[in-house]
Amino acid sequence: MELTTVFDYEDIQLVPNKCIIDSRSEADTSVKLGNHTFKITVVPANMQTVIDDALAMKLAKSGYFYVMHRFNPETRLDFVRTFHEAGQIASISVGVKKEEYDFIDQLKAADLVPEYITIDIAHGHSDSVIEMIKYIKTTLPESFVIAGNVATPEAVRDLENAGADATKVGVGPGKACITKLKTGFGTGGWQLAALRLCGKAAKKPIIADGGIRYNGDIAKSVRFGATMVMIGSLFAGHDETPGDIVELDGAKYKTYFGSASQYQKGEYKNVEGKKLLVPYRGLIEDTLIEMEQDLQSSISYAGGRQLNDLRYVDYVVVKNSIVNGDSY
Ligand SMILES: NC(=O)C1=CN([C@@H]2O[C@H](COP(=O)(O)OP(=O)(O)OC[C@H]3O[C@@H](n4cnc5c(N)ncnc54)[C@H](OP(=O)(O)O)[C@@H]3O)[C@@H](O)[C@H]2O)C=CC1
Ligand SMILES: Nc1nc2c(ncn2[C@@H]2O[C@H](COP(=O)(O)O)[C@@H](O)[C@H]2O)c(=O)[nH]1
């Protein structure tokens with residue numbers, strides 16, 4: 001595949017349509033994924049510096065979608081049980097190694113069926129993911145399977161054909177990501193264009209993953225085909241996200257590291273992620289409310305009433321830069 005014209009979030013602006021509502025509060029930001037409807041089209045990344053059990057419970061109880069990370073594998077069975085006992089949906093992540101198949105078997109044996117299972121590996125267009133999709137859909141057919149991460153329409157089609165209920169698009173656009181620099185591959189710098197291509201091929205929902213720097217990027221993601229938008233760095237700096245507050249020259253920060261960083265892996269092997277400080281942002285609830293309000297404004301500029309109305313707006317390319325500020 002050869003692509004000639006690409007763009008990213010900062011290169012695009014959406015074109016307003018005549019407003020048809022009297023107040024932004026009339027705009028409906030809710031989104032359906034699988035059998036459940038969530039308040040907004042945003043999900044915190046399934047990373048260890050973004051989400052833990054307590055935040056997952058808070059999000060679930062407040063009507064937000066969440067995906068728990070897979071880096072405390074021994075607690076996942078109890079996690080699902082606890083959430084179901086509390087009357088909440090269970091949304092977990094798995095990898096593709098042998099022990100993950102055993103884990104799926106354990107869920108089945110315990111009659112614990114997570115509502116959502118995300119297969120979370122770097123290069124999701126692979127036989128290992130296709131096999132895991134098929135295994136989960138055979139063993140736990142009621143679970144909604146999100147598979148990723150991928151970068152191409154062909155990958156979206158292959159994972160959908162294997163049985164994935166949704167695919168996650170984004171290889172390398174993340175703030176803590178160095179995949180582009182280490183391997184030369186990915187959607188870093190053209191994530192929005194990749195989303196557009198994948199969105200055209202998809203018959204099932206797409207989750208845009210990585211590269212969101214401003215709230216307006218959420219609306220742009222929806223315009224280009226996303227049902228849900230996964231965000232790491234913008235969520236990592238809150239009171240409820242894991243880790244301590246760090247003070248530096250009078251300013252407050254929290255630590256954010258990549259899931260393929262040496263801090264996550266415990267060794268420097270196949271490292272494709274880095275650690276950085278992100279500004280401390282207070283309560284996550286305030287950020288979620290701001291995102292909802294900004295999305296309501298976006299819907300009003302689209303001349304619509306619902307999230308889906310964003311999909312039909314015109315857009316312009318305001319510059320053509322693929323520099324996205326990545327550095328070691
Ligand atoms: N969205 C993104 O752009 C990226 C996200 N990540 C995140 O980092 C975490 C770790 O990811 P990952 O390393 O995949 O997970 P794992 O370390 O669990 O690897 C999963 C399996 O896939 C194999 N594998 C991984 N990458 C490749 C590859 N390029 N070619 C062939 N086999 C491969 C691994 O074997 P082996 O280790 O022996 O190769 C392992 O068996 C995940 O949470 C992932 O989402 C990482 C990079 C990019
Ligand atoms: N290439 C890598 N990508 C990673 C790593 N850890 C997580 N991620 C991806 O980033 C997004 C979050 O992006 P952000 O721009 O919102 O911060 C996350 O959901 C993963 O897909 C990593 O180590 N390397």
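How many residues surround ligand 2, and which are the closest?

Modeller: This is a predicted model, in which local features need pLDDT of at least 70, side-chain atom pairs count only at pLDDT 80 or more, and totals for chains, interfaces and linings use all residues. Residues are numbered from 1 along each chain as its sequence is written, chains are lettered from A and ligands numbered from 1 in the order in which they are written, and side-chain values use heavy atoms, with hydrogens and water left out.

Ligand 2 is surrounded by 22 residues, and the closest are Cys177, Thr179, Asp209, Tyr256 and Ala260; a residue is near a molecule if one of its heavy atoms lies within 4 Å of it. By class, this shell holds seven nonpolar, eleven polar and four charged residues. Here Ala, Val, Leu, Ile, Met, Phe, Trp, Tyr, Cys and Pro count as nonpolar, Asp, Glu, Lys and Arg as charged, and the others, Gly among them, as polar.

Polar contacts are pairs of N or O atoms within 3.5 Å; within protein, one must be able to donate a hydrogen and the other to accept it, and residues adjacent in sequence count only if both atoms are side-chain atoms. An oxygen atom of ligand 2 lies 2.8 Å from an N or O atom in the side chain of Arg213. A polar backbone atom of Gly232 is 2.7 Å from an oxygen atom of ligand 2, and a nitrogen atom of the ligand is 2.7 Å from a backbone N or O atom of Glu272. Of the 520 Å² of accessible area that ligand 2 has on its own, the protein covers 91% (Shrake-Rupley method, 1.4 Å probe; for residues, only the protein chains shown count as cover).

Cys177 sits in the loop between strand 8 (166-169) and helix 6 (179-183); helices (H or I, at least four residues) and strands (E, at least two) are DSSP runs, numbered from the N terminus. Cys177 counts as buried because its relative accessible area is 10%, where buried means under 20%, exposed over 50% and partly exposed in between (1.4 Å probe, protein chains only).

Oxygen atoms of ligand 1 are found 2.8 Å from a polar backbone atom of Ala122 and 2.7 Å from one of Gly172. The protein covers 63% of the 870 Å² of accessible area that ligand 1 has on its own.

Asp120 leads on to Asn46, whose contacts (heavy atoms within 4.5 Å), leaving aside neighbours within four places in sequence, include Asp120, Lys168, Ser93 and Ser259. Asn46 lies in the loop between strand 4 (42-44) and helix 1 (53-61) and is buried, at a relative accessible area of 4%. The side chains of Asn46 and Ser93 are joined by a polar contact of 3.0 Å.
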